[in-house]
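Q: I have not seen this one before. Can we go through it bit by bit?

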Amino acid sequence: MSTTSETDGRSKKAGLFDIRNIIGALMALYGVILALAGLLGEHEPEKTGGVNANLWTGLALLVVGLGFFAWARLRPIVVPPDVDRADDDPTRPAPQRKRPPAH
Amino acid sequence: MSSDTLIDANWLDYLLVAIYFGFVLGIGVMARRSVSDSIDFFLSGRSLPAWVTGLAFISANLGAVEIMGMSANGAQLGLPTFHYFWVGAVPAMLFLGVVMMPFYYGSKVRSVPEFMFRRFGTGAHLVNAISFAVAQLLIAGVNLALLAGIVRALLGWPIWVSLIVAGAVVLSYITLGGLSAAIYNEVLQFFVIVASLLPLTLIGLNRVGGWDGLTDKISAASAGASSASDAPPAAQQLNAWPGQALSGFDSPLLSVVGIVFGLGFVLSFGYWTTNFVEVQRAMASDSISAARKTPIIGAFPKMFVPFIVIVPGMVSAVLVAEMIELKDGGSPAGGASGDVTYNDALLLLMRDVLPNGLLGLAIAGLLAAFMAGMAANISAFNTVFSYDLWQRYIRKDHSDDYYLRIGRLATVGATVIAIFTAQIALGYDNVMNYLQTLFGFFNAPLFATFILGMFWKRMTPTAGWVGLVAGTLSAIAVDRTAAAGVFELSGQGVAFLAASVAFVVDIVLSVVVSLVTKPKPAEELRGLVYSETPREDRTDPNEASYPWYRRTAPLAGIALAMVVVLNFAF
């Protein structure tokens, strides 16, 4: 990571919007839902060959999700105090946002 | 099955799909409103760490081509399909990172036609912009056809209704801003796809009795095949080399040459080094060093992707009743597009082995991949159409708003056209054959012109466009000759041959034309031609201070060693 050292007063951590936290949230949420489905729902062993696939996949996803949270906690990304507003990527037809005049 | 749809999804599956789209659209909305500095930080160009851009790089490619095409190929041909990854992708990705990325990152071009314009001027630019736009429309059709296949499998609608609905879904995804946070989405998508395909592979292998069970079943099916079956013999399906089933050559030596030169060199280098849908991901990284490492870091997961897309295809061919019948020469009814084809290998396996819950996760992953893939094709088309074609050649000097409106119209137009190009894709029972044919037409000559123009400063503007036109025409000629039945190669052999011919024709003609026409002055070629670019423009001054595992060359060396080992192991 390129963002570990300089932490002056005005910079702050990326926190909730750190991409690792978003990945972690999705994986953990999927993990919980699948694990619950595995515990409470029909198990359908004739499809999987006897394994409770929902439960095990759910647990694995939960571990991966928590792993991403832990990584983001241990090595937080520090956002520099003066971030350029994202430029509109002209290759993308999403609704456009004008770049404010340079400061 | 209780219902008449191919896949029997319930509320739990739809919940998992809905959660995924909630995340994607939520990120899109946050990105547009920039509720947080950190989102700006992640989206502003050139700020991302190499692992993020590396995964986005792989994910931008992990769409229809990879998932459906490779599993279809795995079901039909078996292990030789691994060549698409170990010969046909990893070496080219390493080459891109080590040799070509410094030019792209340093010259800040945003599209292939832009590079062509700066290196060769108007002629090559116009030819390339048109052929790029056409290629994007055709490939968008492939993604749309596969997306519609899933809609049909889920809901049981006729294929043309599914096509229109799928087109409308992609259009709303683009307009709702799903693309403005493309890199976030692509990294998320990568994890969702791995999370759904890995269990599918493991459960599938469990059902057939592990790897040994799979090889036994393939051998048994091959030994007992009916005369109508055109499946290759088991020995060819179970060894990656010499891969006659893939290349269509009877002679093992010719087959190896065909795979290494046709697939490994021309097609794959052409695809990976000139495909800006992917190269742009690397441009978002925070330094020239990170940009070079992007494809190299991507190469590591890429090496292992085939295990979760090809192996399920092979399992499907021995486990799913319809696939067994198809491979034995039959034509069972009920696939995503009417009759069962190899393209249905993965969907049918999902139906047979995934319980509700995991099924939803898999559907979310597939929908996400095809939608993002098609959206990327359409936005690439849109850029080239509105800026490279419309603005440069048709209506100059209008306001930004004018070109944005043109861009929006182009987006809608491209979606409608894709509904029609999807019909062509539906005509191929293994979509991989079609895609490789297209890459042979468009990417192989482009790569020849790129590589020659980058290393030979004598190459002239006239040679630029003449080579491109002749290369594409000769590839089309080879393909049409084969289609007319003049000669026959099974598998993807025709595509490999067409690509190789296009490459050779392009190089030879470019050299000949260059020798009789006038080159550009050397001072205009800085940053575009190797010998005219000073060393400090091509390297990162901080590179030497990094530990070895963060430097470009050692990482590339490790990746290369691993892929050689994998080639020997299979």
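Q: Which residues do ring pairs link into a cluster?
A: The cluster consists of A:Phe68, A:Trp71, B:Trp51, B:Phe190 and B:Phe191. Rings of Phe, Tyr and Trp (its six-membered ring) pair if their centres lie within 6.5 Å; planes under 30 degrees apart count as stacked, over 60 as edge-to-face and the rest as tilted.

Q: Where does this come from, and how is it numbered?
A: This is a predicted model, where local features need pLDDT of at least 70 and side-chain atom pairs count only at pLDDT 80 or more, while totals for chains, interfaces and linings use all residues. Residues are numbered from 1 along each chain as its sequence is written, chains are lettered from A and ligands numbered from 1 in the order in which they are written, and side-chain values use heavy atoms, with hydrogens and water left out.

Q: Back to A:Trp71: what sits over its ring?
A: The charged end of A:Arg20, 4.9 Å from the ring centre. The rule is NZ of Lys or CZ of Arg within 6 Å of the ring centre and within 35 degrees of the ring normal. Likewise, B:Arg392 lies over the face of B:Phe117, 3.8 Å from the ring centre.

Q: How many aromatic pairs are there over all chains?
A: The count is 21. In one of them, B:Tyr271 and B:Trp272 have ring centres 5.1 Å apart and planes at 85°, so the pair is edge-to-face. B:Phe381 and B:Phe385 form a stacked pair, with 5.6 Å centre to centre and 20° between the planes.

Q: Is B:Phe381 buried or exposed?
A: B:Phe381 is buried, at 9% relative accessibility. Buried means under 20% relative accessible area, exposed over 50%, partly exposed in between (1.4 Å probe, protein chains only). B:Phe385 is partly exposed at 25%.

Q: How far apart are B:Phe381 and B:Phe385 along the helix?
A: They are 4 residues apart in helix α19 of chain B, which means about one helical turn. Helices (H or I, at least four residues) and strands (E, at least two) are DSSP runs, numbered from the N terminus.

Q: What else is in α19?
A: B:Trp390 lies there, in the helix of residues 358-394. B:Trp390 is partly exposed, with a relative accessible area of 21%. Leaving aside neighbours within four places in sequence, B:Trp390 contacts B:Phe385, B:Arg395, B:Tyr402, B:Tyr403 and B:Ile406, where contact means heavy atoms within 4.5 Å.

Q: And chain B overall?
A: Chain B has 25 helices and 2 strands. Of its 570 residues, 63% are buried.
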